Amino acid sequence: MSFFNLPGSARFVFGAIVLAAGTLAAHAETITMASTTSTEQSGLFAHLLPAFKQAANIDVKVVAVGTGQAIDMAKRGDADVLFVHDTAAEEKFVAEGFAAQRFPVMYNDFVLVGPKADPAGVKGNDIVAALKKIAAANAPFVSRGDKSGTDAAERRLWAQTGVGESGQPVPNEKKGTGYKECGCGMGPALNMAASSGAYVLSDRGTWLSFKNRADLAVLVEGDKRLFNQYGVMVVSPTKFPQLNSAGAQKFVDWVISPAGQSTIAGYKIGGEQLFFPNATK
């Protein structure tokens with residue numbers, strides 16, 4: 001008997017069952033990812049996550065904050081997977097039992113951006129020498145100051161300048177009177193630098209996708225100390241059994257697989273690749 005030969009009530013019930021089944025099929029599984037502003041604001045996730053959805057039928061809800069905040073979020077059990085860029089903090093996260101393993105995923109680099117006229121004379125490939133010149137000239141400098149991976153990298157670089165006590169964090173007053181912390185993401189920090197003619201340390205991915213450049217240009221790049229590694233971790237199901245750890249593991253397995261790595265490599269702006277996969281390196 002065909003659907004159209006069924007009695008009206010039977011057709012209604014059958015149709016409701018088919019509709020419900022279709023709705024369930026259309027509803028993808030969801031995981032929550034705590035990640036960085038750089039992966040979001042660079043446009044990488046808008047490129048990467050649809051490919052993962054197509055491969056695994058899993059939606060990813062991204063909470064993009066500084067790396068420190070992302071790690072804190074994962075430590076509270078508020079994220080299934082963590083995708084950040086502060087290797088030392090990530091290794092500590094694993095050592096404390098919040099993840100079983102950290103996987104390297106990709107890298108890019110940091111660049112020092114500033115006004116094209118370069119009043120502090122920093123242009124070159126030595127980031128530490130550049131920061132010394134900025135401090136000596138009291139040049140305007142916008143710092144993230146938000147405990148992000150970029151902020152952590154900047155603080156490590158300032159520590160190498162010798163303008164503070166050896167082995168100690170450099171006090172802000174030693175960085176010149178132009179030094180200001182915004183407590184903000186990479187995009188807002190670049191906007192502040194653009195509007196005030198200041199220097200700022202940026203990840204290259206966000207810089208390449210940044211439209212409001214005004215008079216800013218890359219002034220320092222190529223220093224090996226500007227290397228920027230990203231890692232990914234499944235948040236511990238032992239500590240947080242309520243999490244969707246199986247879905248998180250599927251994401252990790254995919255993003256470090258040839259398919260995920262190829263998708264990362266394929267993300268370009270103006271023909272320039274933003275991130276370089278290195279899960280197997």
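**Exercise 1.** In this predicted model, find which helix supplies the largest share of the lining of the largest pocket.

*Solution.* Begin with the elements that each supply at least two lining residues: α4 (67-75), α5 (87-95) and α7. Among the contributors, α4 has the largest share, with five residues.

**Exercise 2.** Describe the space in the largest pocket and the residues that line this pocket.

*Solution.* Start with the volume: the largest pocket holds about 200 Å³ of space. Next, take the lining, which consists of 15 residues. Closest to the pocket centre are G68, I71, D86, A89 and K147.

**Exercise 3.** Classify the aromatic pair of W158 and Y179, and explain why the pair ties together parts that are apart in sequence.

*Solution.* The ring centres of W158 and Y179 are 6.1 Å apart, and a pair requires centres within 6.5 Å. The angle between the planes is 85 degrees; over 60 counts as edge-to-face. The pair is therefore edge-to-face. Now locate the residues: W158 belongs to helix α7 (residues 149-159) and Y179 to strand β6 (residues 179-181), so the pair links parts 21 residues apart in sequence. Both W158 and Y179 are buried. In total, the structure has 13 aromatic pairs.

**Exercise 4.** Which charged residues lie over the rings of W207 and F98?

*Solution.* For W207, the residue over the face is R213, at 4.2 Å from the ring centre. For F98, the charged end of K239 sits over the ring, 4.8 Å from its centre.

How values were computed:
Residues are numbered from 1 along each chain as its sequence is written. This is a predicted model: local features need pLDDT of at least 70, side-chain atom pairs count only at pLDDT 80 or more; totals for chains, interfaces and linings use all residues. Side-chain values use heavy atoms; hydrogens and water are left out. Rings of Phe, Tyr and Trp (its six-membered ring) pair if their centres lie within 6.5 Å; planes under 30 degrees apart count as stacked, over 60 as edge-to-face and the rest as tilted. Helices (H or I, at least four residues) and strands (E, at least two) are DSSP runs, numbered from the N terminus. Buried means under 20% relative accessible area, exposed over 50%, partly exposed in between (1.4 Å probe, protein chains only). A charge sits over a ring if NZ of Lys or CZ of Arg is within 6 Å of the ring centre and within 35 degrees of the ring normal. On a 1 Å grid over the protein atoms alone, a cavity is a set of points where a 1.4 Å probe fits but cannot get out, and a pocket is an open set with protein on both sides within 12 Å along at least five of seven lines; lining residues have an atom within 4 Å of a point. Grid points are joined across faces, edges and corners, and a volume is the space filled by probe spheres set on the points.
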